[in-house]
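Hi,

Here is the structure I promised to pass on to you. Have a look at it first, and then read on for what I found in it.

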Amino acid sequence: MLRVNNLEVVYQKIILALRGITLDVPEGKIVALLGSNGAGKSTTLKAISGLLAGDGGQIIDGSIKFQAEKINGITPDGLVRKGIFLSMEGRRIFKGLTVEENLIAGAYTRKDRINIKGDINKIYEYFPKLKTLQNRKAGFLSGGEQQMLAIGRGLMAKPKLLLLDEPSLGIAPLLVKEIFQNIKRINEEEGMSILVVEQNANVALSIADYGYIMENGRVVMHGESARILADKEISEHYLGIGKEESGNNKIFRRRQRVIW
Amino acid sequence: MIFFLQMLINGIVVGSIYGLVALGFVLIYRASGALNLANGEFVIFGPYICLMLMTALKVPFLIALFITLLLSAILGLVVERLVVRPLQNAPVISVIMATIGLSSLLAGAVHMIWGHSTKTFPPVFPQTPVNIGGIVVTPVYLWSFIVVVVLLIIFSIFFKYSKIGLAIRAVADDQQAASSMGMSVKFVYAATWTIAAIVAAIGGVLIGNINGINPTMASIGLTVLPVVILGGLDSVLGAIIGGFAIGILQNMAGGYLDPLVGGGLKEVVPFIIVLLVLMLKPHGLFGSRGIERV
């Protein structure tokens with residue numbers, strides 16, 4: 001469905017953020033894109049959704065194909081119309097608008113305006129909390145509620161491919177679980193393909209079908225999520241999942257040095 | 001008592017026009033966070049065109065007004081395209097500086113085309129004053145009040161319920177997030193500049209009908225700045241209520257205090273009010289504080 005091929009991105013014409021990244025999102029699947037800070041995850045999502053220009057970024061090589069059509073160079077609103085929707089990092093809901101207005105804003109590019117009311121109710125079904133807050137200004141919501149709203153707003157656009165940038169950022173672990181279960185449910189019920197960028201590798205891989213691990217603007221590892229989770233070396237080295245002692249041992253060994 | 005009411009009515013009428021001109025400021029501020037300091041020139045551009053159509057080409061008022069609004073919309077679009085859009089990713093202060101330059105340019109153009117003398121409109125509204133409970137009001141005053149109220153209602157509905165209104169508010173809130181919704185920031189900017197130019201032209205035509213027009217009228221752009229600050233820079237309702245408040249206070253000061261101090265207070269009062277407001281309510285009466293989560 002989405003194929004990113006050998007993509008290179010620079011910021012301000014000098015900082016090379018992506019050094020030839022290649023990844024695939026198959027129809028109806030959840031793909032997780034993992035990695036540490038500064039690995040290039042968010043840049044990848046912004047490149048796909050055409051939002052690089054606002055940050056001074058530029059694609060210098062490679063291609064992005066969506067349903068076999070080359071899409072780099074299309075404007076952000078054109079991409080939303082084609083069915084790619086990015087739910088940006090840090091939620092970015094419209095603070096001065098009410099919850100309901102935020103949801104309507106998500107449906108901005110849709111032609112079938114009569115169905116919007118029904119779809120809003122569907123969002124309230126996924127996230128019952130939002131219904132009770134529907135007339136509140138979104139800026140007054142808690143972080144978790146804002147994240148639900150940000151995902152709901154994405155669903156209102158009825159995209160074929162939903163890109164989620166760090167849906168767990170700044171949210172309590174219990175709520176993170178709930179939000180990810182909802183993401184899984186949305187994927188199953190709506191058949192929506194989802195590409196999710198996460199720091200919290202464990203929770204992302206628990207719902208994803210496939211995982212990519214990025215480092216320094218490259219994909220260093222990819223595979224079925226079950227395989228990544230099972231592979232001890234990958235989990236420990238790249239994702240910080242794994243036994244505490246093994247890590248401690250290494251630190252201990254390094255600490256044995258000459259004491260003055 | 002009659003004197004008081006007369007001052008009040010005058011204040012309301014002048015205030016309604018202040019509100020209308022202030023609306024132009026507010027619309028552009030809401031969408032882009034920039035102040036359009038050429039707003040005063042937008043205001044005088046309209047009545048000059050309208051007057052030219054009516055006197056030189058003998059076009060009836062309503063048709064002339066329609067053509068005026070059309071041309072003003074085009075002026076707004078052209079300004080957005082040539083001045084604002086190239087600065088889209090530049091800091092807001094650059095846009096404000098550009099509008100200062102634009103204001104000189106437009107003022108020069110007005111001087112060049114229409115000269116410096118004051119021109120009066122041929123009578124458009126009925127001349128016989130209306131008597132409301134002992135207070136005498138000229139119809140043009142009444143009309144300007146009605147026009148402003150109608151426009152206020154239209155704009156409130158437009159911003160609350162229309163698709164473009166929602167997009168304008170969303171872009172004002174978070175530009176990048178709005179474009180990730182598929183909203184075209186360029187389209188929203190073009191729409192607001194067009195609407196602002198139309199509103200300014202309506203205000204200008206009303207003033208022109210009351211006082212006649214000359215190039216110095218552009219200073220209304222500065223006079224309404226206190227209005228906008230009093231009402232809150234980003235509030236449509238605030239602009240209108242601020243307009244009424246400043247208009248009334250100005251007339252009251254002119255009526256009651258000017259004889260005591262020997263005149264001139266009318267021009268100063270708005271700015272005194274602004275100082276007080278800024279000290280007590282820095283965001284204006286209806287301005288949004290901005291929601292900050294800590």
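Predicted model: local features only at pLDDT ≥ 70, side-chain atom pairs only at ≥ 80, totals over all residues.

T132(A) is found in helix α5 of chain A, which covers residues 128-132. If you want a sense of the distances in this chain, compare T132(A) with I60(A): the two are 72 residues apart in sequence, and their C-alpha atoms are 47 Å apart in space.

Now to the sheet in chain A. Four strands form an open sheet in the order β2-β1-β4-β5, and the pairing is antiparallel. The edges are taken by β2 (15-25) and β5 (69-70) of chain A, each of which pairs on one side only. Strand β1 of chain A (residues 2-11) runs antiparallel to β2(A), and eight bridges join the two. Within that pair, Y11(A) stands opposite I15(A) of β2(A). Which helix lies across β1, β2 and β4 of chain A? That is α1 of chain A, residues 41-48, and it runs at about 65 degrees to β4(A), the strand of residues 57-66.

Next, the place where the chains meet. On the chain A side, 24 residues are in contact with 16 residues of chain B. Helices α2 (76-82) and α3 (99-106) of chain A each supply at least two residues of the side that touches chain B. Sorted by class, that side of chain A has 12 nonpolar, six polar and six charged residues.

On to chain B, which has 12 helices and two strands. Reading from the N terminus, its elements run α-α-α-α-β-β-α-α-α-α-α-α-α-α. How does the radius of gyration of chain B agree with that of a compact globule? A compact globule of 294 residues would have a value near 19 Å, and chain B has 19 Å, so the two agree. The C-alpha trace of chain B spans about 60 × 50 × 35 Å along its principal axes. Of the 294 residues in this chain, 47% count as buried. Among the contacts in chain B with a separation of 6 or more, 75% are between residues 24 or more positions apart.

There is also something from the records. An unreviewed UniProt entry annotates "transmembrane region" for several stretches of chain B, including residues 91-114 and 187-208. I looked at those two in the model. Residues 91-114 of chain B are 96% helix and 0% strand, with 35 Å between the end C-alpha atoms. Residues 187-208 of chain B are 100% helix and 0% strand, and their end C-alpha atoms lie 31 Å apart.

Is R30(B) buried or exposed? R30(B) is buried, because 21 other C-beta atoms lie within 10 Å and the cut-off for buried is 20 or more. Leaving aside neighbours within four places in sequence, R30(B) is in contact with I168(B), A172(B) and D234(B). For I168(B), 138 residues away along the chain, the C-alpha separation from R30(B) is 7.8 Å.

Enjoy looking through it, and do write back with any questions.

Best wishes

Key:
Residues numbered from 1 in each chain as written. Chains lettered and ligands numbered in written order. Pairing = 2+ DSSP bridges. Contact = placed C-beta atoms within 7 Å. Axes fitted to C-alpha atoms, helices over the stretch in contact; angles between N-to-C directions. Nonpolar A, V, L, I, M, F, W, Y, C, P; charged D, E, K, R; others polar. Rg over C-alpha atoms; globule rule 2.2 N^0.38 Å. Buried ≥ 20, exposed ≤ 12 C-beta atoms within 10 Å, placed from the backbone. UniProt positions renumbered as here; feature names shortened; annotations may be inferred.
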